[in-house]
Amino acid sequence: MKRISRGIVRYGAWPGLLISSCAILAFGFSIDREVLFFNFSYAWIVAWLLLLERRLPYKSAWRVADGQTRADLSHTLLNKGLVQLLLVQLIALGLFGNNNHSMVSQLPLTYQVAIGLIISEIGLYGAHRLAHEWSLLWRCHAVHHSVQRLWLVNTGRFHFIDSLASVAASVPFFLLSGISMDAIVWVSAITAYIGILTHCNVDVECGPLNYVFNTPNLHRWHHSTERTEGDRNYGENLMIWDLILGTFLYKKGSHIERIGIGDKMPERFVDQLALPFRWHHYQDSKSALSDA
Ligand SMILES: [Zn+2]
Ligand SMILES: [Zn+2]
């Protein structure tokens, strides 16, 4: 019985949390309270993940503190603030919110959301792949990959330049897609849901969904210390471009051993912010650094 219920949770948690959060947001839309209900839906996922990370961890070793929680949260808060500021500027400039008369915006909302997810993924995939392949951007992206455990709290651990680069890369595609403002909210919400689910330290199994969405099963390989595995699965929400461009990696049934990077990473948040500008100083330094 215990095995059966564990199996249900393993296979059901990922789709269950995604669908239930979307249902909460849909209710918010129905009463014109989408922002408030987006916050509820996000809190709903966080609460479940906190519980599941305790009851059904993917790796017990990843539950041990790594001294980076404060840095993880600081990066998350800085990114959220800056991205919101950027979006407010775009709306003020009239770049966002003007789509409601385009042809695509007349389509049913589900189609618009699918179009928005696929089109914005071009920018997100491109920015992410560039961050791995261009050494200057890697200096920023290394902050995200330096973690030695994955859990929901380090989902938002990105250097702010890295974050702004992916937002800047996806916004033009959003605008080009011509989807309505409501659809943009839906795509943004789904991006937030899928994002926080990818880092969870919960023993979920997404099965065939791995061929469509970015899941914890796939994203863990993206954090591998081996670049042949880590330079894979760039998709933020969908795996479509990884599948088309040959960077998709799904090792069904096998488990990741080590995650992290070969570069040195300062331990303090402020030093991590300075890292891209003082890269060689930190890489040549012999002290006070975590050798990932
Ligand atoms: Zn990456
Ligand atoms: Zn990650």
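Within how many Å do the axes of H4 and H5 come, and at roughly what angle do they cross? Keep that question in mind while setting up the view. This is a predicted model, in which local features need pLDDT of at least 70 and side-chain atom pairs count only at pLDDT 80 or more, while totals for chains, interfaces and linings use all residues. Residues are numbered from 1 along each chain as its sequence is written, and chains are lettered from A and ligands numbered from 1 in the order in which they are written.

Select helix H4 (109-133) to begin; helices here are DSSP runs of H or I with at least four residues, numbered from the N terminus. H4 has 25 residues and reaches 36 Å from its first C-alpha to its last, close to the 36 Å expected at 1.5 Å a residue, where the expected span is 1.5 Å times one less than the number of residues. Centre on glutamate 121, where H4 has a kink of about 30°, the bend being the angle between axes fitted to the seven residues ending there and the seven starting there.

The axes of H4 and H5 come within 6 Å and cross at roughly 100°; axes are lines fitted to C-alpha atoms, over the stretch in contact for helices, with angles from 0 to 180 degrees between N-to-C directions. The two helices are therefore roughly perpendicular to each other, a term that covers 65 to 115 degrees. At their meeting place, Leu130, Ala131 and His132 of H4 face Leu137, Trp138, Cys140 and His141 of H5, contact being C-beta atoms, placed from the backbone, within 7 Å.

Move on to histidine 159, in the loop between H5 and helix H6 (160-177). Histidine 159 is buried, with 23 other C-beta atoms within 10 Å, and touches Cys140, Val143, Gln272, Leu273 and Pro276, not counting residues up to four places away in sequence. Histidine 159 and glutamine 272 are 113 residues apart in sequence, yet 7.7 Å apart in space, C-alpha to C-alpha.

Finally, select Val187, Ile190 and Val202, which touch the most other members of the largest nonpolar core, a set of 37 residues; such a core joins buried Ala, Val, Leu, Ile, Met, Phe, Trp, Tyr and Cys residues through C-beta atoms within 7 Å. Helix H7 (181-198) is one of its suppliers, and H7 gives the most, with nine residues.

Technical notes. Buried ≥ 20, exposed ≤ 12 C-beta atoms within 10 Å, placed from the backbone. Parallel < 35°, antiparallel > 145°, perpendicular 65-115°, else oblique. Contact = placed C-beta atoms within 7 Å.
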